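Subject: Structure handover

Hi,

Here is the structure I promised to pass on to you. Have a look at it first, and then read my notes below.

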Amino acid sequence: MADVYRNLTGLSNGTTYEFRITAIGDGTNYTDSDPSSSSSFTTLIPLAVPTGLALTKTTNSITATWTAVSNASSYKIAYVTGNGTWTEQTVSGTSYTLSSISQGATYDFKVMAVGDGTTYEDSAYCTAVSATTLIKLATPQPTVDSTTISRSEERFSRNA
């Protein structure tokens, strides 16, 4: 016998519903069954999408921070560089640092709130935000030639 199911729509978040099942006979060979015992389920409440995603960059790291979401049990932060594959990390707080990355590397970040799976369901990801790590400039190497030194000494002697 094939599995039979009904997809219920239009239900309210956080509401408990009770149901019973009756098998319907064909009226010729089979009659309807008695209703099953009652079962119930409670729909999950979706968490809000995290807001305020901000990125702080250095030459070899990017730190993401965001605003906490009420009732979130944790967060999933996802990041990608170029056309690569998104990498997800689960974090307990509202910040994450991706370190040991190259200078001048561009990363996109997005975050979602994770629900407990009993009362709250995961939020959607927020809109991705990009940052490029800083590039440290080379240390300048001053050069001095004898002409510059002679002119400086001459100006110094005239002013004395």
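I'll begin with a loop residue. Asparagine 71 sits in the loop that links strand E5 (61-65) to strand E6 (74-81); strands here are DSSP runs of E, at least two residues long, helices are runs of H or I, at least four residues long, and both are numbered from the N terminus. A word on conventions: this is a predicted model, in which local features need pLDDT of at least 70 and side-chain atom pairs count only at pLDDT 80 or more, while totals for chains, interfaces and linings use all residues. Residues are numbered from 1 along each chain as its sequence is written, and side-chain values use heavy atoms, with hydrogens and water left out.

The phi of asparagine 71 is near 70°, a positive value in a residue other than glycine. Most residues other than glycine have a negative phi. Asparagine 71 is partly exposed because its relative accessibility is 46%; buried means under 20% relative accessible area, exposed over 50%, and partly exposed in between, with a 1.4 Å probe and protein chains only. Serine 100 also has a positive phi, near 60°, and is found in the loop between strand E8 (95-99) and strand E9 (106-114). With 69% relative accessibility, serine 100 counts as exposed.

Now the overall picture. The protein has 1 helix and 11 strands, in the order β-β-β-β-β-β-β-β-β-β-β-α along the sequence. Of its 160 residues, 21% are buried. Taking contacts (heavy atoms within 4.5 Å) between residues at least 6 apart in sequence, 59% join residues at least 24 apart. The accessible surface comes to about 11,600 Å², and 49% of that belongs to carbon and sulfur atoms; areas come from the Shrake-Rupley method with a 1.4 Å probe, and for residues only the protein chains shown count as cover.

On to strand pairing, where two strands count as paired if DSSP finds at least two bridges between them. Strand E4 (residues 54-57) is joined to E5 by 4 bridges in the antiparallel sense, and the two form a hairpin with 3 residues between them. Within this pairing, leucine 55 has alanine 64 in E5 as its bridge partner. E5 also pairs with E8, antiparallel over 5 bridges, and isoleucine 62 stands opposite leucine 98 in E8.

What does the inside look like? The largest nonpolar core has 21 residues, and those with the most contacts inside it are Trp66, Ile77, Tyr107 and Phe109. Such a core is a set of buried Ala, Val, Leu, Ile, Met, Phe, Trp, Tyr and Cys residues joined through side-chain atoms within 4.5 Å. E5, E6, E8 and E9 each supply at least two residues of this core, and the largest share, 4 residues, comes from E9. Beyond four places in sequence, tyrosine 107 touches residues including Ile62, Tyr79, Leu98 and Val129. Serine 74, in strand E6, is buried at a relative accessible area of 12%. Setting aside neighbours within four places, serine 74 contacts Thr90, Val91, Met112, Ala113 and Val114.

The structure holds 7 aromatic pairs; rings of Phe, Tyr and Trp (its six-membered ring) pair if their centres lie within 6.5 Å, with planes under 30 degrees apart counted as stacked, over 60 as edge-to-face and the rest as tilted. Tryptophan 66 and tyrosine 75 have ring centres 5.6 Å apart and planes at 65°, so this pair is edge-to-face. Tryptophan 66 is buried at 6% relative accessible area, and tyrosine 75 is buried at 5%. Tyrosine 79 and phenylalanine 109 form a tilted pair, because their planes are at 35° with centres 5.9 Å apart. Tyrosine 79 is in strand E6 and phenylalanine 109 in strand E9, so the pair ties together parts 30 residues apart in sequence. Tyr79, Tyr96, Tyr107 and Phe109 form one aromatic cluster.

Finally, a charge. Lysine 110 lies over the face of tryptophan 86, at 4.2 Å from the ring centre, and its charged end also sits over the ring of tyrosine 125, 4.6 Å from the centre. The criterion is NZ of Lys or CZ of Arg within 6 Å of the ring centre and within 35 degrees of the ring normal.

Best wishes
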